[in-house]
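Please read them with the structure in view.

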Amino acid sequence: MNLQHLTVTWQKERAGTEALVLHSYYYGRDQLARQDEAYRNRTQLDPEGLAQGNASVTLRGVRIQDEGLYLCHITSELGGISVRRQVAVMAPYSEARLEVSVSSQVTLTCCAEGGYPEASVLWLDGAGNNVTAESNTSLQRDPRGLCDVSSRILLPRAGGGNYTCLLESPGQPRVVRHLSVSCSPGTRAGEGPSAHADGRLSGSLRPADRPACACRVWLFGPSSRGSPSPALYGEILI
């Protein structure tokens, strides 16, 4: 193919306004005078690929804002063609963390940061019942548009049981974390908050006139890593 007769233009379409120029090629070389500032120094066409009829463009440093519909228009001595491509951006979330805090109630929190698209959190009890309606989930975006998600559910102070947190985001593997909480009357004096590297356990000192309640927490690893034996995650007396 004679590259001198080849014209390639990549654009990002925008509803109700002019498309953004991603990359242009004609007269045998890149032509970037009209390239939108958002794509400066981020795009590349492969000349060898062009000679073989491959007009794919490489976009580096992908951002959330790059998501959308793109149009590629090609003309040569053989004719012309236009092709549209939908681009979806995904960013993996950090490994989901389970946090446990104890005061007048036991609070379970499941959280993950730095992902995209927005994630949803489901809670299941030990019988497999969906108890998400009893939880409170919040989602925040950082300056780059990535999402931080946090979901918490409250248990009675003398309660317990098995709980599962499921984190789901379109196009990404489901993340599953399991937690078992067992609270029963205790006899030892409380020592206050206890912190651990894999999460957080915290509690206030037990008032002298209130019976102690010993809470043991077992944290199971992510289901994608198999089914490890339960490890004693920590103990709190309240």
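The numbered points below go from confidence to the cores, the cysteines, the strands and a few backbone details.

1. Confidence. The mean pLDDT of the chain is 81, and 76% of its residues reach 70 or more. Over residues 187-211, however, the pLDDT is below 50, although this stretch still has 50 contacts in the model beyond near neighbours in sequence. A further stretch, residues 223-228, also stays under 50, and for these residues the model has five contacts beyond four places in sequence. Where pLDDT is low, the predicted coordinates should not be read in detail.

2. The largest nonpolar core. This core has 28 residues, and those with the most contacts inside it are Val-106, Leu-108 and Trp-123. The elements that each give two or more residues to this core are β8 (97-102), β9, β10, β12, β13 and β14 (175-185). Apart from it lies another core, of 14 residues, which has Leu-3, Leu-22, Leu-50 and Cys-72 among its members. As general background, nonpolar side chains tend to be buried together in soluble globular proteins.

3. Leu-108 and its surroundings. Once neighbours within four places in sequence are left aside, Leu-108 is in contact with residues that include Glu-99, Val-100, Trp-123, Ile-153, Leu-155, Tyr-163, Leu-179 and Val-181. Ser-151 and Arg-152 are also among the contacts of Leu-108.

4. Tyr-163. One of the residues that Leu-108 touches, Tyr-163, has its place in strand β13, which covers residues 161-168. Is Tyr-163 buried or exposed? Its relative accessibility is 14%, so Tyr-163 counts as buried, the cut-off for that class being under 20%. Beyond four places in sequence, Tyr-163 touches Leu-108, Leu-124, Asp-125, Leu-155, Arg-177, His-178 and Leu-179. Tyr-163 and Ser-180 are 17 residues apart in sequence, yet their C-alpha atoms are 6.2 Å apart in space.

5. The disulfide. The structure holds one disulfide, formed by Cys-110 and Cys-165, whose sulfur atoms are 2.0 Å apart. The link of Cys-110 and Cys-165 is left-handed, with -75° about the S-S bond. Because Cys-110 lies in strand β9 (residues 105-115) and Cys-165 in strand β13, the pair ties together parts that are 55 residues apart in sequence. Both partners are buried, Cys-110 with a relative accessible area of 2% and Cys-165 at 1% relative accessibility.

6. Cys-111. In contrast to the bonded pair, Cys-111 is in no disulfide, and the nearest cysteine sulfur, that of Cys-110, is 6.7 Å away.

7. A hairpin. Strand β11 (residues 135-141) and strand β12 (residues 147-156) run antiparallel and are joined by seven bridges. In this pairing Ser-138 stands opposite Ser-150 in β12. The two strands, β11 and β12, form a hairpin with five residues between them, and in the turn Gly-145 has a positive phi of about 95°.

8. Backbone features worth a check. A cis peptide bond, with omega about 0°, joins Tyr-116 and Pro-117, and Pro-117 has its place in the loop between β9 and β10 (120-125). Tyr-27 is not a glycine but has a positive phi of about 55°; this residue is found in the loop between β2 (20-26) and β3 (29-30), where Tyr-27 is exposed, with a relative accessible area of 61%. Asn-41 also has a positive phi, near 60°, and is found in the loop between β3 and β4 (43-45), where Asn-41 counts as exposed at 71% relative accessibility.

9. Arg-42. Not counting residues up to four places away in sequence, Arg-42 touches Thr-58, Leu-59, Arg-60, Gly-61, Val-62, Arg-63 and Asp-66.

Note on methods
Residues are numbered from 1 along each chain as its sequence is written. This is a predicted model: local features need pLDDT of at least 70, side-chain atom pairs count only at pLDDT 80 or more; totals for chains, interfaces and linings use all residues. Side-chain values use heavy atoms; hydrogens and water are left out. Helices (H or I, at least four residues) and strands (E, at least two) are DSSP runs, numbered from the N terminus. Buried means under 20% relative accessible area, exposed over 50%, partly exposed in between (1.4 Å probe, protein chains only). Contact means heavy atoms within 4.5 Å. A disulfide is a pair of cysteine sulfur atoms within 2.5 Å. Two strands pair if DSSP finds at least two bridges between them. pLDDT is the predictor's confidence in each residue, from 0 to 100. A nonpolar core is a set of buried Ala, Val, Leu, Ile, Met, Phe, Trp, Tyr and Cys residues joined through side-chain atoms within 4.5 Å.
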